[in-house]
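Let's walk through this model together, one contact at a time. Have the viewer open beside the text, and we can begin with charged side chains.

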Amino acid sequence: MFLTPGTLPFERLWEKFFEGHEGRYTIYIHASREKPEHVSPIFVGREIHSEKVTWGKISMVDAERRLMANALQDIDNQHFVLLSDSCVPLHSFDYVYDYLMGANLSFIDCFYDPGPHGNFRYSQNMLPEVTETDFRKGSQWFSVKRQHALMIIADSLYYTKFKLHCRPGMEDGRNCYADEHYLPTVFRMMDPDGIANWSVTHVDWSEGKWHPKAYRAKHVNLELLKNIASIDVSHHVTSDGKKVVTENPCLWNGAKRPCYLFARKFYPESINNLLTLFANYTLI
């Protein structure tokens, strides 16, 4: 499920990834700003009805739910992966397919952050349904099993609380971003043992800026992809003065395995490097 403003810059790479695996995947595209132009036939006609998306607002969650609602109509779809226009695969299709279909969990990033970018964003107006002790944070890029996708679509109670009380420009100068808090909080309350607490999409926040590290063509080489693909611990840092670091092994059905299947954020200019790497080498 691709969440994108418009054209997907890595269609040719994804086409290579999906090649030879027809019948084992379905593509859905939510293009929030403009109709995408396609270079790969497997993406043609895969756009769903899309609405404008504003960063940090509930419209981002609406787009995710719209993608899932469309994908759930096909009863063969068993695992639902949300990707952005800057995401690339780190492994072969078979590796990704077996990893997701064989997992006993959904992959939703979820952690407790007592700092200004975490629980400071909580509003008492969410009571009694959502308490501050249950409020969680996580990356929006999820990968969920069918039963969890159905659960998300069926929810109106918690969704309404986040729509009303988690938004930019709230009281006391707080900015709450629903796409970072809604799903982690809901799953913390409804099925905490059903999620892995990390996302299978890697992103590098180590620079400590508002936006994560982005990779230009000159950064993209085999060493970078191998380094990301070999990470086997999930890493969280609180946003308060203590900057508490939590690292947990990525456990796949109880066994430690690499955490990530996809990575972002890659600039469109890196497409040729990525195609060359993907053609000659996959990190099985």
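## A buried arginine and its partner

Arg174 counts as buried, at 11% relative accessibility; buried here means under 20% relative accessible area, exposed means over 50%, and partly exposed lies in between (1.4 Å probe, protein chains only). The side chain of Arg174 meets that of Glu171 in a salt bridge, with 3.0 Å from N to O. For this label, a side-chain nitrogen of Lys or Arg must lie within 4 Å of a carboxyl oxygen of Asp or Glu. Glu171, for its part, is partly exposed, with a relative accessible area of 34%.

A word on the ground rules: this is a predicted model, where local features need pLDDT of at least 70 and side-chain atom pairs count only at pLDDT 80 or more, while totals for chains, interfaces and linings use all residues. Residues are numbered from 1 along each chain as its sequence is written, and side-chain values use heavy atoms, leaving out hydrogens and water.

## The other salt bridges

How many salt bridges does a search of the whole structure find? It finds ten. One of them joins Lys161 and Glu129, at 3.1 Å from N to O. This pair links distant parts of the chain: Lys161 sits in helix α5 (residues 157–165) and Glu129 in the loop between β6 (106–109) and β7 (143–145), 32 residues apart. Helices (H or I, at least four residues) and strands (E, at least two) are DSSP runs, numbered from the N terminus. Lys161 counts as buried at 15% relative accessibility, whereas Glu129 is partly exposed at 27%.

Another salt bridge connects Glu47 with Lys35, whose closest N and O atoms are 3.9 Å apart. Both residues lie in the loop between β2 (29–31) and α2 (58–72), twelve residues apart. Glu47 is partly exposed, with a relative accessible area of 23%, and Lys35 is exposed, at 68%. Elsewhere, Arg121, Lys137 and Glu180 are linked in a network of salt bridges. As a general point, side chains of opposite charge can pair when their charged atoms come close.

Three strands form an open sheet in the order β2-β1-β4, with parallel pairing. Two strands are taken to pair if DSSP finds at least two bridges between them. The edges are β2 and β4 (83–84), each pairing on one side only. Strand β1 (residues 2–4) pairs with β2 in the parallel sense over three bridges, and Thr4 stands opposite Ala31 in β2. Helix α2 lies across β1 and β2, running at about 145 degrees to β1. Axes are lines fitted to C-alpha atoms, for helices over the stretch in contact, and angles run from 0 to 180 degrees between N-to-C directions.

A second open sheet has three strands in the order β5-β14-β9, with mixed pairing. Here the edge strands are β5 (88–89) and β9 (201–202). Two bridges join β9 to β14, which run parallel, and His202 stands opposite Ala263 in β14.

## The nonpolar cores

Which residues touch the most other members of the largest nonpolar core? They are Trp14, Tyr99, Phe107, Trp198 and Phe266, out of 46 residues in that core. A nonpolar core is a set of buried Ala, Val, Leu, Ile, Met, Phe, Trp, Tyr and Cys residues joined through side-chain atoms within 4.5 Å. The elements that each supply at least two residues include α1 (11–18), α3 (93–102), α7 (222–230) and α8 (271–280). Apart from this core lies another, of 38 residues, among them Val61, Leu72, Cys110 and Tyr158.

Leaving aside neighbours within four places in sequence, Phe107 is in contact (heavy atoms within 4.5 Å) with residues including His79, Tyr99, Phe142, Trp198 and Trp252.

## A helix crossing

The axes of helix α4 (residues 146–154) and helix α6 (residues 178–190) come within 12 Å and cross at roughly 110 degrees. The two helices are therefore roughly perpendicular to each other, a label for angles of 65 to 115 degrees; under 35 counts as roughly parallel, over 145 as roughly antiparallel and the rest as oblique. At the crossing, His148, Met151 and Ile152 in α4 meet Tyr182, Leu183, Phe187 and Met190 in α6.
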